[in-house]
Amino acid sequence: MKRDVCRGRLLAMDPGKDAFAWCLVSCNGRNMSFGMLQSTVSDIRDQHVNNQIRRFKHAIIKLFNTCGELDEVVVERFQQRPSKGGGGNAEYINIMIGVIAVVCLKRNLRLTLVQASTWKNHMSSHYSP
């Protein structure tokens, strides 16, 4: 199945419990802006989880609104690497991806989840180090 060509803006995200990077890119490949999201889900204990998720959702909505009209949102999936810790991080990151997915659905935005190796291999094959 051939994928539609993006004609406008793409918001790429690399979520992390403590460091959440984003980059707004025009579909001709021009980097338009980038930054770090300060409001992440980093505490899922009962007394904190609802406030953390609510704060994160508002930060995502604000980011989407700041980016203007988007055609697609691309988010790196969390995959635990062998011999690395991080099982707990999967919970935090997957909650954030779920919030992003709901916001995308409400806005009728295409959401693409990618493995880190997919975008890193693509960049390595198209750009020199």
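Which residue in β5 does Val 74 stand opposite? Val 74 stands opposite Thr 112 in that strand. The report below sets this pairing in the context of the whole fold.

This is a predicted model, in which local features need pLDDT of at least 70 and side-chain atom pairs count only at pLDDT 80 or more, while totals for chains, interfaces and linings use all residues. Residues are numbered from 1 along each chain as its sequence is written, and side-chain values use heavy atoms, with hydrogens and water left out.

**Overall fold**

The protein chain contains three helices and five strands. Helices (H or I, at least four residues) and strands (E, at least two) are DSSP runs, numbered from the N terminus. Read from the N terminus on, the order of elements is β-β-β-α-β-α-β-α. Of the 129 residues of the chain, 36% count as buried; buried means under 20% relative accessible area, exposed over 50%, and partly exposed in between, with a 1.4 Å probe and protein chains only.

The five strands form an open sheet in the order β3-β2-β1-β4-β5, with mixed pairing. Two strands are said to pair if DSSP finds at least two bridges between them. The edge strands are β3 (31-37) and β5, each of which pairs on one side only. On average, neighbouring strands of this sheet are turned by 20° against each other, direction ignored. Helix α1 packs on the sheet, where it touches β1, β2, β3 and β4, and its direction makes about 150° with that of β1. Such axes are lines fitted to C-alpha atoms, for helices over the stretch in contact, and the angles run from 0 to 180 degrees between N-to-C directions.

Strand β4 pairs with β1 in the parallel sense over four bridges, and Leu 10 has Glu 72 as its bridge partner in β4. Five bridges join β4 to β5 (residues 110-114), and these two strands also run parallel. Besides the pair named at the outset, Val 75 has Leu 113 as its bridge partner in β5.

In a regular strand the side chains alternate between the two faces of the sheet. In β4 both faces are covered: Glu 72, Val 74 and Glu 76 lie on one side and Val 73 and Val 75 on the other, and all are buried.

**The nonpolar core**

A nonpolar core is a set of buried Ala, Val, Leu, Ile, Met, Phe, Trp, Tyr and Cys residues joined through side-chain atoms within 4.5 Å. The largest one here has 25 residues, of which Leu 11, Met 13, Phe 56, Ile 60, Phe 64, Val 73 and Ile 100 touch the most other members. At least two residues of this core come from each of β1 (9-14), β2 (20-26), α1 (46-67), β4 (72-76) and α2 (87-106). The largest share, eight residues, is supplied by α2. Leaving aside residues up to four places away in sequence, Ile 100 touches Met 13, Phe 20, Phe 56, Ile 60, Phe 64, Val 73, Val 75 and Leu 111.

**Salt bridges and cysteines**

A salt bridge is a side-chain nitrogen of Lys or Arg within 4 Å of a carboxyl oxygen of Asp or Glu.

| Salt bridge | N to O distance |
|---|---|
| Arg 45 and Asp 43 | 2.6 Å |
| Arg 110 and Glu 72 | 3.9 Å |

The pair of Arg 110 in strand β5 and Glu 72 in strand β4 links distant parts of the chain, 38 residues apart. Arg 110 is partly exposed, with a relative accessible area of 31%, whereas Glu 72 is buried at 2%. In the other pair, Arg 45 is partly exposed, with a relative accessible area of 49%, and Asp 43 is buried, with 14%.

How many disulfides does a search of the whole structure find? The search finds zero, a disulfide being a pair of cysteine sulfur atoms within 2.5 Å. The sulfur of Cys 23 has its closest cysteine sulfur in Cys 67, 9.4 Å away, which is too far for a bond. Cys 67 is buried, with a relative accessible area of 1%.

Methods
Contact means heavy atoms within 4.5 Å.
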